[in-house]
Amino acid sequence: MSAKEPISFHVVSSDLSKVSADALVIAVSKGADGPVILDAPISPAALTSLKASLSALGVTGAADQVVRLPGLPETGGKILVLAGIGKLKDGTANDEALRRTAGAALRQLSGLKHVVFALPTTSVAQLGAIAEGAALGAYQYASLHSSTEGKLAPVSKVTIHSTLAKDPALAAALERAAIVAKAVNATRTLVNEPPSKLYPATFAEAAKDLAKGLPVKVTVLDEKRLLKEGWGGIMGVGQGSSRPPRMVKLEYKSERSVANLAFVGKGITFDSGGISIKPGAGMVTMKCDMAGAGAVLNAVLAVAALGLPVNVTGWLCIAENMPSGTAIRPSDVLTMFGGKTVEVLNTDAEGRLVMADGLVAASQEFPDVIIDVATLTGAQMMALGNRTGGVMGDEGVSAALKAAADRSGELIWPMPLPEELRPSLDSPVADMANIGERMGGMMTAAVFLQEFIGKGKDGETIPWAHLDIAGPAFNEGAPYGYTPKQGTGMSVRTLVAYVEDVVARSA
C-alpha cells in the first residue's frame, strides 16, 4: 500500500454474522495426521462438515496455501478463505506465523475490498503481528505500466476478530504495525524504482519528501560540498557518472533520549561495476544496491513516527557506479573522509568505499553504537543464501541485532571477523586496499569497514555491527508470505525492533 492509500484496521469481538465483508479468513495448520482448522468462529456443524471436506479440497495447511470456498450463512463473509499457517510447535501460532499467514492471504486476495481475519491469538502483540503482516502483504508497487487493465487493487480494509478488542494496549499495537509496515513498504518502493528515476539527486529529494511532517532534520551534501570537505570514497565512486553523488544526513532527537545511535546505509542507485564492469546478467538487479540506505532512511523515520526516546542519526551514502572516461580505475588511490588512503583494486567493490566515508562521519559524532546496512557482497549470498542476512561486528551489538531480527520476523545470522583476513587488505601504496582474501569475502568486506570505526569519548572503539543484506534485500523469485517479488524492505523491522529493545533495556 502506498502512503496515500493506507490500509485501515478494526478489531471486533462481536458476532461475525453482523460484520459484512468480502471474505472471512481462518487458519489451517499442517498437523502430523493432516490439516487442522484452528479456532474458527463457526458452528460445530459447519466445522465438522468443513473438516470432512479438507482432503477433497486439497487443503494441506502448508504455509502460503490459500483456498477460497463459498461463504457460510452464519458469517458475514461472502467467501470463506482457508489460509495455511504451516507446521506449529505445540500447536501454537507465534507472532511470525500469524504475520506470514495474514500477509500471504492478503497478497492473494487482491481485488477484494474488506477482509476479516479470525486467526488464533492470545495477545495484543499477536493482533499487531496480524495487522503488520496484512499491511505488508497488501503492498503493490505503483508500476510504470501504460495500462492498469487486469491489475487487481489491494485490500483496503481489514477487520480482526478477537476477544481482545477492548484491550487498552490495542491502539498502540495497531499504530506501531501501521508505522512499521509503512516504513518497510516505502523502502520496497525505493528499491523497485528504475535507476532512470531513482538516482542520487532524486533519492535525496525522496528522503526529504518522506520526512515531511516528522521531527527529522534532513541535510543534503551535494558534490561541491563533498569535494570541498574531502569525502573521497563517495566522490571517487560517483565520479564516473553524469549523476553526481549525495550524502544525506538524517537527525532525529528526543528530549527524553536514553541513547545516541547512528545508522549508515549503502545507497548505490545503480552498480554497473564501474571499470571492473559486471557481466550483463549481473547488472539486471543492481537497482537494488541502494537497499541499505533505503532501509536506514525509513527506519529513522519510523523511530521518529513512534516517538521513541532516543537520538538517531542516519547517513545515506548515495552514488551511481558507472564506467566512463572520468571513472576511477584499478590502481587509483582514494583519500577517504578522515584521511585514510585506499588503493582501488576492483571498482566493483565500491560499496565499502562510500560506506567508509559514512562510518567515519558517524564516528566523529561519538554515538553509543554504529550500525551499518548494505547490500555489500555476493559472498553473503554464497554463505547464507537469498533470505538470510549476515551480521558481523561487536558481539554485544550483533547479538542484540539478532534478537531484534528474531522478534521482528527477519532472518539474520552472526558471522565472525577473523583476524587473519586483515593482512590480505594491505597495500604497498596506500593504507589499505579495497579487496583482499576472496574466500570468506563477506567477512573480508566487514573487516575493511571495521577500519573506519572511530573511538568514542571514552577512548574506546565505538561499538559497531554490520548487516550484509545482499540476498534478502531483493526477491528475484516468486512472492511468499508477506514478501513480494523485487524489493523486500529487509532490515527496517530489525532496526526499529533494535531501537525498541535499547529503550526497554534502559527502563
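User: What covers the buried residues of α1?
Analyst: This is a predicted model. In it, the cover over the buried residues of α1 includes β2 (21-31), β3 (34-38), β4 (66-70) and β5 (77-86).

User: And which residues of α1 are buried?
Analyst: Ala 46, Leu 50 and Leu 54 are buried in α1.

User: How many residues does α1 have, and how far does it reach?
Analyst: Helix α1 covers residues 44-57, which is 14 residues. From first C-alpha to last it reaches 19 Å, close to the 20 Å expected at 1.5 Å a residue.

User: Where does α1 bend?
Analyst: At Lys 51, by about 25°.

User: What comes just after α1?
Analyst: Gly 58, with a positive phi of about 80°.

User: Back to β5. Mostly covered or mostly open?
Analyst: Mostly covered. Of the 10 residues in β5, 9 are buried.

User: How do β2 and β5 run?
Analyst: Parallel, joined by 8 bridges. Ile 26 has Leu 82 of β5 as its bridge partner.

User: And β4 with β5, parallel or antiparallel?
Analyst: Antiparallel, with 5 bridges between β4 and β5.

User: What holds strands together in general, anyway?
Analyst: Backbone hydrogen bonds pair the strands of a sheet, either parallel or antiparallel.

User: Switching to α2. What span should its 14 residues have?
Analyst: Helix α2 is residues 95-108, so at 1.5 Å a residue it should span 20 Å. Its end C-alpha atoms are 20 Å apart, which agrees.

User: Is α2 enclosed or open, and why?
Analyst: Largely enclosed by the rest of the structure, because 10 of the 14 residues of α2 are buried. Among them are Glu 96, Arg 99 and Thr 101, along with Leu 98 and Leu 106. Ala 102, Gly 103, Ala 104 and Ala 105 are buried as well.

User: What caps the N-terminal end of α2?
Analyst: Asn 94 does. A side-chain oxygen of Asn 94 lies 3.3 Å from the backbone nitrogen of Glu 96.

User: How many bridges join β12 to β13?
Analyst: There are 3, and β12 and β13 (residues 341-343) run antiparallel. Val 333 has Glu 343 of β13 as its bridge partner.

User: Where is Asn 475 found?
Analyst: In strand β19, residues 474-475. Asn 475 is buried, with a relative accessible area of 11%.

User: Which backbone oxygen does the side chain of Asn 475 reach at 3.1 Å?
Analyst: That of Ala 478. The backbone oxygen of Pro 484 also sits 3.0 Å from a polar side-chain atom of Asn 475.

User: What else does Asn 475 touch?
Analyst: Not counting residues up to four places away in sequence, Asn 475 touches Tyr 480, Thr 483, Pro 484, Lys 485, Gln 486 and Thr 488.

User: Now Met 286. Which loop?
Analyst: The one between α8 (280-283) and α9 (291-306).

User: Is Met 286 buried or exposed?
Analyst: Buried. The relative accessible area of Met 286 is 13%, and that counts as buried because the cut-off is under 20%.

User: What is Met 286 in contact with?
Analyst: Leaving aside neighbours within four places in sequence, Met 286 contacts Ile 268, Thr 269, Phe 270, Asp 271 and Lys 278.

User: How far apart in space are Met 286 and Glu 223?
Analyst: They are 23 Å apart, C-alpha to C-alpha, and 63 residues apart in sequence.

User: Zoom out. How many helices and strands?
Analyst: The chain has 14 helices and 20 strands. Buried residues make up 57% of its 507 residues.

User: What radius of gyration does the chain have?
Analyst: It has 24 Å. A compact globule with 507 residues would have one near 23 Å, so the chain agrees. The C-alpha trace spans about 80 × 50 × 40 Å along its principal axes.

Note on methods
Residues are numbered from 1 along each chain as its sequence is written. This is a predicted model: local features need pLDDT of at least 70, side-chain atom pairs count only at pLDDT 80 or more; totals for chains, interfaces and linings use all residues. Side-chain values use heavy atoms; hydrogens and water are left out. Two strands pair if DSSP finds at least two bridges between them. Helices (H or I, at least four residues) and strands (E, at least two) are DSSP runs, numbered from the N terminus. The expected span of a helix is 1.5 Å times one less than its number of residues. Buried means under 20% relative accessible area, exposed over 50%, partly exposed in between (1.4 Å probe, protein chains only). A polar contact is a pair of N or O atoms within 3.5 Å; within protein, one must be able to donate a hydrogen and the other to accept it, and residues adjacent in sequence count only if both atoms are side-chain atoms. The bend at a residue is the angle between axes fitted to the seven residues ending there and the seven starting there. Contact means heavy atoms within 4.5 Å. The radius of gyration is taken over C-alpha atoms; the globule rule is 2.2 Å times the number of residues to the power 0.38.
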